[in-house]
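Here are some short notes for your review. Please read them with the structure open.

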Amino acid sequence: MAESSEMLRLRALLGFYNDDNVTVTGLSRSLGEEKYTISRLLSSLAEEGLVDRSNNRHPKLTEEGLEVAERYAERVDTMENYLLYKGVRRTT
């Protein structure tokens, strides 16, 4: 099942946020997506000013990208804490 582009965008930004030495190949593996899909996504994120692709093997978040990723990470933490509070337990 293909995931929405917005969800993939979120997961990619969080991937960079959680590992500042991530590679395109590593990100594609961890997200379960084809390398070309991640490459296209990164090009889009670079156009938005969220990712610096000056080193194609090791793209990095820009300052703006870091701010967006931090906001996403905070939302994920809030949702995770809420679910734990409601009794939903992690499976992994």
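1. This is a predicted model. In it, α1 and α4 lie roughly perpendicular to each other, because angles from 65 to 115 degrees count as such and theirs is about 105°. Helix α1 covers residues 5–18 and helix α4 residues 63–85. Their axes are 9 Å apart.

2. Which residues make the contact between α1 and α4? From α1 come E6, R9, L10, L13, L14 and Y17. From α4 come L66, V68, A69, E70, Y72, A73 and V76. By class, the residues of this contact are 10 nonpolar and three charged, with no polar ones.

3. Next, check the length of α3, residues 35–47. At 1.5 Å a residue, its 13 residues should span 18 Å.

4. Helix α3 has a buried set: T37, I38, L41, L42 and L45. Seen down the helix axis, these buried residues fall within an arc of 130°, so they line one face of α3. On the other side, Y36, R40 and E47 are exposed.

5. What do the buried residues of α3 pack against? Their partners are α1, α2 (24–31) and β1 (51–52).

6. One backbone detail deserves a look. Just after α3, G49 takes a positive phi of about 85°.

Methods:
Residues are numbered from 1 along each chain as its sequence is written. This is a predicted model: local features need pLDDT of at least 70, side-chain atom pairs count only at pLDDT 80 or more; totals for chains, interfaces and linings use all residues. Side-chain values use heavy atoms; hydrogens and water are left out. Axes are lines fitted to C-alpha atoms, for helices over the stretch in contact, and angles run from 0 to 180 degrees between N-to-C directions. Helices (H or I, at least four residues) and strands (E, at least two) are DSSP runs, numbered from the N terminus. Angles under 35 degrees count as roughly parallel, over 145 as roughly antiparallel, 65 to 115 as roughly perpendicular and the rest as oblique. Contact means heavy atoms within 4.5 Å. Ala, Val, Leu, Ile, Met, Phe, Trp, Tyr, Cys and Pro count as nonpolar, Asp, Glu, Lys and Arg as charged, and the others, Gly among them, as polar. The expected span of a helix is 1.5 Å times one less than its number of residues. Buried means under 20% relative accessible area, exposed over 50%, partly exposed in between (1.4 Å probe, protein chains only). The arc is that of the directions from the helix axis to the C-beta atoms.
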